[in-house]
Amino acid sequence: MITRTSDAARLGSDDADADEKAKLLPQLVAHLHKHRTELREEWSNRITESRLLTAMTPQEITSETISVYDNYVEVLETGNVEALQRYARDLSERIIPRGVETHEVVGIVLLLRDVLARSLFEKYQDNFALLGRVLDAYEPAANRIANTVAVSFVDERERVIRQQQEAIRELSTPVLQVRERLLILPIIGVLDNQRATQLTEQLLHGIRTHRAKVVVIDITGVADVDEPVANHLVKTVDASRLMGATVIITGLSSEIAQTLVTVGVDLSKMYTIGDLQGGIEEAEKLLGFKVTRSAEH
Amino acid sequence: MLVSIQRQGNFLIASIHTALDDEELLRFQKDVVAQIGKHRSRGVIIDVAALDVMDSFGSRSLRDLAHASRLRGAETVIVGIQPDVAFAIVQLGMSLDVHTALDLEEGLEFLERLTTGNLDLERWGCVVRVPGR
């Protein structure tokens, strides 16, 4: 931002300078177009040397570097970063699942910046003043490109992470309807305070939406619970009752049973049954379902 | 209109449409108990689906109302408690030892069975052991 403001200030103060700059940039772009193949190859080699993008094959690196190079030069030419932004986001989407890291992406863009700058040094080495002005035109644009690519990559990665977090949150407490008015909630893993709260919320809303009358909470997959969580479970059972649903808890491990007894949680209102099968059978009985085996078996 | 008390056969359906203050709650309580005698009702349904908050006084009033109704010969069932309200009630440690059901339909079915004696309490999902039963 600072670079751009100072650019603008300079442009305003000196029209001749601005004119020259407007001419310099096309010159620079023409130079990059002309030496496209060798510069791109040089860049590819630098990438391999620096051991970046090791997750990708050489062919992939070649095709991606061609696209990035062309986009890069286009941004220098037009000053419009939108296409590059789109490309960077698209590229990130493709390479993030392959385990490409942020430092690699930033690294390759900075390498390209250096390769191009080096070629400019070479071209204008005889005229130091001109080189200075060329770099004045090149550097802000190049920095902006590096910035755009890095930000696009990080944005994309954050989006993926957010999406995954959302999925984990939703999957961690599924509320499933197995029969009309019968829900089951299988819980697997650690039942901490936050997850217990989420469980209550999903259960109570599930009762409402499915018009459930009996709910089986299966905690076979839970290794242990502490006192606050046990108390929370009791409250959940009470709240479900207020909404007209009976809760059956199944699959209490011997450790959990011991814990509950030791910490003195009020179990008088808990309706517990040994395993999930027993819980579902009991629930079916409560709801008046009768499951029979058909004759041919 | 804050509440409505309608007659449906042998039952009264009392709907609370908006949050009531303490005084209004007491008046509501009195009204319902009076109407039970007037209509010779056998059951009362209190629909609280419109309430998204309930304080301790509110839940105590509902409980008192249920107990008073029983003394007048009518069973009470509270229906439509919202998920958040349900959890708030237990979170605050308020006991609401009354019959509850999911919604009006369930409540009516429950009372129907209860008053015709056609109800296996243990088999009914929403049953609670009410003191004195």
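Q: Which residue in strand 3 of chain B is the bridge partner of Leu12(B)?
A: The bridge partner of Leu12(B) in that strand is Val44(B). This is a predicted model, in which local features need pLDDT of at least 70 and side-chain atom pairs count only at pLDDT 80 or more, while totals for chains, interfaces and linings use all residues. Residues are numbered from 1 along each chain as its sequence is written, with chains lettered from A and ligands numbered from 1 in the order in which they are written.

Q: In what sense do strand 2 and strand 3 of chain B pair, and over how many bridges?
A: Strand 2 (residues 11–16) and strand 3 (residues 43–47) of chain B pair in the parallel sense over five bridges; pairing needs at least two bridges found by DSSP. Strands (E, at least two residues) and helices (H or I, at least four) are DSSP runs, numbered from the N terminus.

Q: OK, and what order do the strands of that sheet have?
A: The sheet of chain B is open, with five strands in the order 1-2-3-4-5 and mixed pairing. Its edge strands are strand 1 (3–8) and strand 5 of chain B, each of which pairs on one side only, and neighbouring strands are turned by 25° against each other on average, direction ignored.

Q: Which strands does helix 2 of chain B lie across?
A: Helix 2 (residues 56–71) of chain B lies across strand 3 and strand 4 (75–79) of chain B, running at about 150° to strand 4. Such angles run from 0 to 180 degrees between N-to-C directions, with axes fitted to C-alpha atoms, for helices over the stretch in contact.

Q: And which ones does helix 4 of chain B lie across?
A: Helix 4 (residues 104–115) of chain B lies across strand 2, strand 3, strand 4 and strand 5 of chain B, and its angle to strand 4 of chain B is about 160°.

Q: What about helix 1 and helix 2 of chain B, how do they cross?
A: The axes of helix 1 (residues 22–39) and helix 2 of chain B come within 10 Å and cross at roughly 15°. The two helices are therefore roughly parallel to each other, a label for angles under 35 degrees, whereas over 145 is roughly antiparallel, 65 to 115 roughly perpendicular and the rest oblique. Among the residues that meet are Leu25(B), Val32(B) and Ile36(B) of helix 1 of chain B and Phe57(B), Leu65(B) and Ala68(B) of helix 2 of chain B, where contact means C-beta atoms, placed from the backbone, within 7 Å.

Q: How do the residues of that contact of helix 1 with helix 2 of chain B divide by class?
A: They divide into seven nonpolar, four polar and two charged residues. Here Ala, Val, Leu, Ile, Met, Phe, Trp, Tyr, Cys and Pro count as nonpolar, Asp, Glu, Lys and Arg as charged, and the others, Gly among them, as polar.

Q: Switching to chain A: what pairing does its open sheet have?
A: The pairing is mixed, and the five strands of this open sheet in chain A follow the order 1-2-3-4-5. Strand 1 (176–179) and strand 5 (271–273) of chain A stand at the edges with a single partner strand each, so one side of each is left without a neighbour in the sheet. Strand 1 of chain A runs antiparallel to strand 2 (residues 182–188) of chain A and is joined to it by three bridges, and Arg179(A) stands opposite Leu182(A) in strand 2 of chain A. Helix 8 (residues 193–210) of chain A packs on the sheet, touching strand 1, strand 2 and strand 3 (214–221) of chain A.

Q: At what angle do helix 8 and helix 9 of chain A cross?
A: They cross at roughly 10°, and the axes of helix 8 and helix 9 (residues 227–242) of chain A come within 10 Å. They are therefore roughly parallel to each other, and their contact includes Leu199(A) and Leu203(A) of helix 8 and His232(A) and Leu233(A) of helix 9 of chain A. By class, that contact has nine nonpolar, five polar and no charged residues.

Q: And at what angle do helix 5 and helix 7 of chain A pack?
A: Helix 5 (residues 82–95) and helix 7 (residues 128–172) of chain A pack at about 40°, with their axes 8 Å apart, and are therefore oblique to each other.

Q: How many residues of chain B are in contact with chain A?
A: 16 residues of chain B are in contact with 17 residues of chain A. Helix 3 of chain B gives the most to the side of chain B that touches chain A, with six residues, and by class this side has eleven nonpolar, three polar and two charged residues.

Q: What ipTM does the predictor give the complex?
A: The ipTM is 0.78 and the pTM is 0.61. For chain B the mean pLDDT, the predictor's confidence in each residue from 0 to 100, is 84, and 86% of its residues reach 70 or more.

Notes: Contact = placed C-beta atoms within 7 Å.
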